[in-house]
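These are my notes from a first reading of the structure. I record each item in the order in which I looked it up.

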Amino acid sequence: MNQSVITIAMPKGRIFGDACKLLRNAGFRLPDTFETTRKLILDLESEPFRFILAKPVDVPTYVEYGAADLGISGKDVLLESGRDVYEMVDLGISKCHMAVAGLPGHQSRNPFLKIATKYPKIASDFYRRRGEQVDLIALNGSIELAPIVGLADAIVDIVSSGQTLKENGLVEYDRLLDISSRLIVNPVSYRLKKTQIDQIVEKMIRATEGTKIGMD
Amino acid sequence: MSQPYMFEKPLGLRDTLPRAQQEISRLELIFQRELQRWGYDFIKTPALEYAETIGRASAIADNRLFKFLDAEGHPVVLRPDMTTPIARIAASSLRNAPLPLRLSYTADLYRSQRKEGGHPSEFEQTGAELIGDATPYADVEVISLMMSLLEKSGLASVRLAVGHVGFVNAFFYDLVKDKEIVKQLRNLLYNKNDVGFHEYVASLNLPIDAAKRLNAFVDSRRMNNEETLAYIETLVSGSATPVHSYYRNILELIHLLKLDHLESQIDLDITLVPHLSYYTGFVFQGFGGNLGFPVASGGRYDDLLAKFNRPCPATGFGIRLDRLMSAIKIPDDKRSKRKSAVIYNRENAGIAMRFAAEEREKGHAVVLQHADGIDNPDTFEQQFESVNYFLDRTETGE
């Protein structure tokens with residue numbers, strides 16, 4: 001098999017540091033400037049790998065359309081986007097969970113609960129499964145504001161340490177699901193570059209087992 | 001919705017301009033010729049079908065159907081696939097034709113899609129159906145035919161993934177003995193969610209050996225063909241009879257594909273589960289070029305004809321022409337048949353017409369254009385490989 005270049009989409013921001021560390025553990029020789037550079041495309045010199053640095057919510061899109069062969073993406077983003085990609089490995093990094101939160105002892109005066117969220121699809125699925133009708137309000141950030149200023153009765157958002165909730169006087173009502181980062185693969189790339197991708201997947205699985213033991 | 005702009009079309013629909021249409025016609029022609037050489041007969045079916053018949057049998061999710069009422073108030077759908085209408089024909093109009101039937105088609109299909117680029121709601125598909133033959137030889141025939149069409153289309157690095165839904169169902173059922181759980185597991189495979197599959201298996205509290213087999217089953221995707229076959233063999237030891245007979249089916253297919261020299265292009269992936277739920281046996285997807293989506297897919301659907309009251313085994317495939325077109329790289333000079341122009345005036349009309357007729361007779365594409373009708377001579381002439389002028393002012397005596 002010829003060695004074609006493998007493109008990997010990386011999420012900038014919260015997950016990026018953890019993801020880089022994992023890649024190094026998996027044996028990728030990333031340059032030292034990898035975490036600090038402002039470039040959006042980075043080619044490795046020693047190996048046929050190209051990294052593209054994308055906004056986290058866009059990573060599954062790059063991978064679904066085949067602009068990237070592989071990607072690292074949070075489960076929250078994957079669920080919300082519903083993209084057709086292989087979700088091959090739970091990388092066990094950047095762990096957090098999705099929760100419903102609001103002001104302590106809050107009594108809703110709305111006929112239907114108003115829920116503010118960055119994740120309308122996940123929130124809607126959750127309440128539909130419960131058989132509960134709610135009004136969703138889509139926001140793009142600082143979701144914690146919504147219950148405080150009276151925009152919504154509660155929020156559906158990711159919680160990692162719980163610090164942000166606490167500092168804004170909010171409490172967790174419900175836990176929806178656990179979240180961590182996943183290795184995703186484009187279905188066609190997987191067929192056309194199977195040998196190379198299988199090798200990467202194996203390496204990542206081994207590195208992940210390392211982090212799991214290390215964290216326990 | 002607000003008033004549409006005059007150039008707009010309904011959501012998800014698009015025009016095909018000359019350049020793209022030329023390429024589609026080229027593919028259609030190649031496919032038509034090749035399908036006829038394999039002895040497949042072309043048929044056509046209506047674009048509108050009843051929602052209760054084709055709509056329901058086609059197994060396309062309800063929210064993806066274009067559904068409305070006809071003049072008599074019956075719910076109708078724009079056909080979302082061609083396999084189901086062909087099954088209807090095989091079970092009705094062609095009921096008395098000798099089996100097996102070999103039928104093919106090129107048709108526009110309609111599926112309401114996500115509001116996003118690259119996913120049109122109307123797309124053209126060429127396909128073939130082999131009806132009435134339950135043997136793996138029929139599966140090999142449609143697989144080889146599909147590969148042959150993809151090769152002839154000019155698609156680079158054609159590859160095929162092959163799985164077996166019947167094997168998956170029987171194998172899962174043998175381990176978990178619960179149809180609902182089998183469905184869940186199959187859905188996770190279809191969603192390509194390996195992580196979710198492992199999590200779900202863990203949540204089932206199965207005997208350790210069963211859980212281990214299920215987990216190893218998914219991980220088998222990362223093996224090469226020989227490893228996969230050897231692995232399936234270890235999986236079926238101690239399983240129920242249907243699992244064994246499907247396993248022998250798979251062995252036979254791989255053996256036949258080797259005879260057909262297709263083995264190197266094939267990736268045996270027993271975890272492959274496609275979205276159409278009517279598949280019962282072998283399933284496959286074709287890939288190639290540098291497109292992120294499969295260009296072709298197919299499989300065996302032995303239970304579909306029974307829905308039209310004629311139980312009969314069948315297998316077939318469809319190739320999406322829109323996707324194939326974007327997956328093929330065509331050099332510009334090969335892209336279209338070159339045209340030449342004949343530009344003439346009143347005095348030379350007769351001789352120009354004769355010249356054009358002779359050229360067309362030779363098989364060349366010729367545009368015959370009176371000089372006065374041209375808007376801008378410079379840009380007009382640029383479109384042609386060569387231009388012949390018949391503009392002499394002297395009377396030619398005609």
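**Domains of chain A**

I began with the division of chain A, which has domain 1 (6-94 + 180-215) and domain 2 (96-177). I note that the model is a predicted one. Next I looked up the spacing of the two domains of chain A: taken over C-alpha atoms, the centres of domain 1 and domain 2 are separated by 30 Å. For their contact, I found 5 residues from domain 1 of chain A and 6 residues from domain 2 of chain A. I then sorted by class the side of domain 1 of chain A that touches domain 2, and I recorded 1 nonpolar, 2 polar and 2 charged residues.

**An open sheet in chain A**

I then turned to a sheet of chain A in which 5 strands are arranged in the order E8-E7-E9-E6-E10. I recorded the sheet as open, with mixed pairing. At its edges I found strand E8 (134-138) and strand E10 (171-179) of chain A, each of which pairs on one side only.

I looked more closely at one pair. Strand E6 (residues 96-102) of chain A pairs with E10(A) in the antiparallel sense, over 7 bridges. Opposite Val100(A) I found Asp174(A), which is in E10(A).

Which helix lies across E6, E7, E8, E9 and E10 of chain A? I identified helix H4 (residues 120-130) of chain A, which runs at about 170° to E8(A). Among the strands under H4(A) are strand E7 (113-117) and strand E9 (154-159) of chain A.

**Where chain A touches chain B**

My next entry concerns the two chains: 18 residues of chain A are in contact with 16 residues of chain B. On the chain A side, I listed strand E5 (86-90), helix H7 (187-192) and helix H8 (194-215), each of which supplies at least two residues. The largest share of that side, 5 residues, comes from E5(A). By class, I recorded 9 nonpolar, 2 polar and 7 charged residues on the side of chain A that touches chain B.

**A helix in chain B**

Last, I asked why helix H3 (residues 83-91) of chain B is largely enclosed by the rest of the structure. I found that 7 of the 9 residues of H3(B) are buried, and therefore the helix is largely enclosed. I listed the buried residues of H3(B) as Thr83(B), Thr84(B), Pro85(B), Ile86(B), Ala87(B), Arg88(B) and Ala90(B). The cover over these buried residues includes helix H2 (51-57) of chain B, together with strand E2 (48-50), strand E5 (101-110), strand E6 (122-131) and strand E11 (314-320) of chain B.

Technical notes
Residues numbered from 1 in each chain as written. Chains lettered and ligands numbered in written order. Predicted model: local features only at pLDDT ≥ 70, side-chain atom pairs only at ≥ 80, totals over all residues. Domains from an automatic or database assignment. Contact = placed C-beta atoms within 7 Å. Nonpolar A, V, L, I, M, F, W, Y, C, P; charged D, E, K, R; others polar. Pairing = 2+ DSSP bridges. Helix = DSSP H or I, 4+ residues; strand = E, 2+ residues; numbered from the N terminus. Axes fitted to C-alpha atoms, helices over the stretch in contact; angles between N-to-C directions. Buried ≥ 20, exposed ≤ 12 C-beta atoms within 10 Å, placed from the backbone.
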